[in-house]
Amino acid sequence: MSEQAKNLGRPRLQQQDIPTKEKILLTATKLFVEEGYKGASMDEVALRCNVTKATVYYYYKTKADLFTAAIDTLMMRIRTSSVKILSSELPFRERLVQLIIAFSYATVDIDVNNFIREAAPSLSAEQYDKITNTEDDMHAAIEQCFILAVEEGTLPQKNTKYMTHLFLSLLNLSKYKDKNGDSFFPTVEENACHLVDFYWNGLQIENN
């Protein structure tokens with residue numbers, strides 16, 4: 001597994017001397033990933049950070065505030081990593097394969113959409129809007145990579161928003177597991193190649 005795949009959206013906790021606020025945010029993000037919104041608690045965040053609960057509340061007044069900051073940061077990290085992969089020197093088709101591989105490895109225990117749905121009843125309208133705006137920005141940044149591919153002649157002259165969201169749907173499909181825990185194909189790499197083949201052929205892109 002590549003380092004890029006391991007780090008897509010996944011917060012790092014190796015730093016020993018990071019500021020307390022950042023440490024709380026990184027720890028909370030990991031906890032929300034593990035336990036979901038309902039399962040995570042401010043007490044557990046404080047315990048894992050080795051700080052008092054009052055310290056956590058000093059930086060984040062409510063659990064909803066902490067969740068909003070955590071999911072916002074998570075999506076910005078995914079955005080940065082995705083754009084980096086889609087802007088590489090590889091042929092665009094191979095970039096799509098690499099993004100699915102990275103997403104599959106990094107999001108085994110990350111489901112942003114489910115996080116948002118679970119937390120939505122506890123969020124204020126302002127918090128919910130902040131998260132959805134960040135999600136829209138993430139999609140727009142990824143779409144810009146598709147726009148450049150169209151301008152370069154790699155992708156056909158079609159609706160780039162449609163092409164982007166069609167691919168993002170396949171990206172989510174890459175995480176599918178049946179009741180036995182099996183995906184469509186034996187390996188992540190094989191699954192990624194088949195999904196991109198399906199996407200590529202569906203757009204009727206000529207192979208050079």
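Predicted model: local features only at pLDDT ≥ 70, side-chain atom pairs only at ≥ 80, totals over all residues.

Analyst: Phe32, Val33, Gly36, Tyr37 and Lys38 of H2 meet Phe115, Glu118 and Ala119 of H7. By class, the residues of this contact between H2 and H7 are five nonpolar, one polar and two charged. Helix H7 spans residues 112–119, and its axis lies 9 Å from that of H2, at an angle of about 25°. Angles under 35 degrees count as roughly parallel, and H2 is therefore roughly parallel to H7. The crossing of these two helices, H2 and H7, is left-handed.

Tyr37, one of the H2 residues that meet H7, also takes part in an aromatic pair with Phe67. A pair of aromatic rings is described by the distance of the centres and the angle of the planes. For Tyr37 and Phe67 the ring centres are 5.2 Å apart and the planes stand at 85°, so the pair is edge-to-face. The cut-off behind that term is a plane angle over 60 degrees. Tyr37 belongs to helix H2 and Phe67 to helix H5 (residues 63–86); the two residues are 30 residues apart, and their pair links distant parts of the chain. The count of aromatic pairs comes to eight.

H2 also packs against helix H3. H2 covers residues 20–39 and H3 covers residues 42–49; their axes are 9 Å apart and form an angle of about 125°. H2 and H3 are therefore oblique to each other. Their crossing, that of H2 and H3, is right-handed. On the H2 side the contact is made by Lys23, Ile24, Thr27, Ala28, Lys30, Leu31 and Glu34, and on the H3 side by Glu44, Val45, Arg48 and Cys49. Sorted by class, the residues in the contact of H2 with H3 are five nonpolar, one polar and five charged.

The UniProt record supplies an annotation for this part of the chain: in an unreviewed entry, residues 41–60 are labelled "DNA-binding region".

H9 (residues 160–173) and H10 (residues 188–202) pack at an angle of about 155°, with axes 10 Å apart. H9 and H10 are therefore roughly antiparallel to each other. The crossing of H9 and H10 is right-handed. Met163, Leu166, Phe167, Leu170 and Leu173 from H9 meet Leu195, Phe198 and Tyr199 from H10. This contact of H9 with H10 has eight nonpolar residues, no polar residues and no charged residues, whereas five charged residues are counted in the contact of H2 with H3 and two in that of H2 with H7.

Terms used:
Residues numbered from 1 in each chain as written. Heavy atoms only, no water. Axes fitted to C-alpha atoms, helices over the stretch in contact; angles between N-to-C directions. Helix = DSSP H or I, 4+ residues; strand = E, 2+ residues; numbered from the N terminus. Parallel < 35°, antiparallel > 145°, perpendicular 65-115°, else oblique. Left-handed = near helix turned anticlockwise from the far one by under 90°. Contact = heavy atoms within 4.5 Å. Nonpolar A, V, L, I, M, F, W, Y, C, P; charged D, E, K, R; others polar. UniProt positions renumbered as here; feature names shortened; annotations may be inferred. Phe/Tyr/Trp six-rings, centres within 6.5 Å; stacked < 30°, edge-to-face > 60°.
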